[in-house]
Structures are given as C-alpha cells and as structure tokens.
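Me: I have a structure open and want to learn how to read it. Where do we start?

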Amino acid sequence: QNCDCPNNLVLNPSFELGTSNWTATAPYIVFQADPFGAQCGANAGQQDGTSNTNLATFYQDINLGGGSQVQLKFKAGTHVPAEIAKFGLIFFNGTTRLDSSLVEVDHILGATGTMQDYLITATAPAGTTKVRVIGKTGLDWLKVDLICLTVIGTPTASIGNRIWFDA
C-alpha cells in the first residue's frame, strides 16, 4: 500500500491525529477516527449521518487561488450505498460558494473494510479564495482515508491584446 502524497495540502489526511484539523456539522451520530477501514496508518475518518434531507458534513478549508488545477485522490467506502455518502470539493470566494465537484461514494466496505480509490480533477473558478475538502452523509456511514489534494496546474497569465510601440 503506497501511502505517500507529496505536496499534500490536506492536514491530517489519514486521521492519525484523531479529528484534528477537521470540522463536523450536525446532524450526525458519530464523527470519529477509528481503526475500521484504515488503509494507511492506524485510522480512517468516519461519519454516521442521521438524515438524507439534512446532510451532516465534515470538512477542511484550504486557501487556493482561482484558475488553479487540483487533483483530489482519496479512499472511501460506505455500508449502505443506497443512502447518501458524498466526498469532494467545494470552491468559495470568501463565504460565497462558486462551484463544486463531488462524487457519490457507493463502494461497500464489507467485513474487512477495504476501500475503493476515487479521483477528482477540477479547476478552481475565477475569484476562488479557498477550497473545501468535504464529506457529506445521509442515513449511513461515510468512511475515508488517505485524502490527498495537490495542485497540478497553476493559472496562466496573459497580458491580453496590447500594441507595443518601441521608440
């Protein structure tokens, strides 16, 4: 198992420090770091939600400029794929949501807790000041590990259409 993620922007990406650096919002039964399903190290992040209409979340905000191309790799699974379990990115300018890219986690963990690899590649919209790495849960568990967010491309600069006079 390769657990490396050079230049990872996510702090505590495998929940080895418990839930430090992560913020959880209700309604949830449990938000924890736990050994079940751990793919790298001793823990995985886990949230058990209570409602498919009012989703619980856990997230981490990371400063990011508009036009940045990012790649989010993570391992995840759930027990009941018919319930809502999503993970991904939301782009903000301050507190204003600009765009998002989330995937439905439908991999069944099973008795051994083996997770599936997921990948999201996205470009931050113009005006982006931060990206939120976020999990959303409905009536069942979302379990994640080895969350890796890296910048894979930066905005290109342009001086636009200009006429230059060289005197």
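Reply: Start with one cut-off. Buried means under 20% relative accessible area, exposed means over 50%, and partly exposed lies in between. Keep in mind that this is a predicted model.

Me: Is threonine 23 buried, exposed or partly exposed?

Reply: Its relative accessible area is 36%. That value falls between 20% and 50%, so threonine 23 is partly exposed.

Me: Where does threonine 23 lie, and what is it in contact with?

Reply: Threonine 23 lies in strand S1, residues 23–25. Set aside its neighbours within four places in sequence. Then threonine 23 is in contact with Thr57, Phe58 and Tyr59. Now take aspartate 61: it is 38 residues from threonine 23 in sequence, but the C-alpha to C-alpha distance is 9.1 Å.

Me: Next, strands. How do side chains sit along one?

Reply: In a regular strand the side chains alternate between the two faces of the sheet. For a case here, take S5, residues 69–77.

Me: Is S5 mostly covered or mostly open?

Reply: Mostly covered. Seven of the nine residues in S5 are buried.

Me: How many bridges join S5 to S8, and how many join S5 to S10?

Reply: Eight bridges join S5 to S8, and the two run antiparallel. S5 and S10 are also joined by eight bridges, again antiparallel. Look at single pairs. Glutamine 71 stands opposite threonine 121 in S8. Leucine 72 has leucine 149 in S10 as its bridge partner.

Me: Which residues have the most contacts inside the largest nonpolar core?

Reply: They are Leu72, Phe74, Phe87, Leu89, Val133, Ile147 and Leu149. The core has 26 residues.

Me: What does leucine 72 touch?

Reply: Leave out residues up to four places away in sequence. Leucine 72 then touches Phe87, Gly88, Leu89, Tyr118, Leu119, Ile120, Val133, Ile147, Cys148 and Leu149. Its bridge partner, leucine 149, is in that list.

Me: Last, pockets. What is the volume of the largest pocket, and which residues line it?

Reply: The volume is about 170 Å³. The lining is Asn2, Asp4, Cys5, Lys73, Phe74, Lys75, Asp117, Tyr118, Leu119, Leu146 and Cys148. S5, S8 and S10 are the elements that give two or more residues to this lining.

Me: How many of the lining residues are nonpolar, polar or charged?

Reply: Six are nonpolar, one is polar and four are charged.

Notes:
Residues are numbered from 1 along each chain as its sequence is written. This is a predicted model: local features need pLDDT of at least 70, side-chain atom pairs count only at pLDDT 80 or more; totals for chains, interfaces and linings use all residues. Side-chain values use heavy atoms; hydrogens and water are left out. A nonpolar core is a set of buried Ala, Val, Leu, Ile, Met, Phe, Trp, Tyr and Cys residues joined through side-chain atoms within 4.5 Å. Buried means under 20% relative accessible area, exposed over 50%, partly exposed in between (1.4 Å probe, protein chains only). Helices (H or I, at least four residues) and strands (E, at least two) are DSSP runs, numbered from the N terminus. Contact means heavy atoms within 4.5 Å. On a 1 Å grid over the protein atoms alone, a cavity is a set of points where a 1.4 Å probe fits but cannot get out, and a pocket is an open set with protein on both sides within 12 Å along at least five of seven lines; lining residues have an atom within 4 Å of a point. Grid points are joined across faces, edges and corners, and a volume is the space filled by probe spheres set on the points. Ala, Val, Leu, Ile, Met, Phe, Trp, Tyr, Cys and Pro count as nonpolar, Asp, Glu, Lys and Arg as charged, and the others, Gly among them, as polar. Two strands pair if DSSP finds at least two bridges between them.
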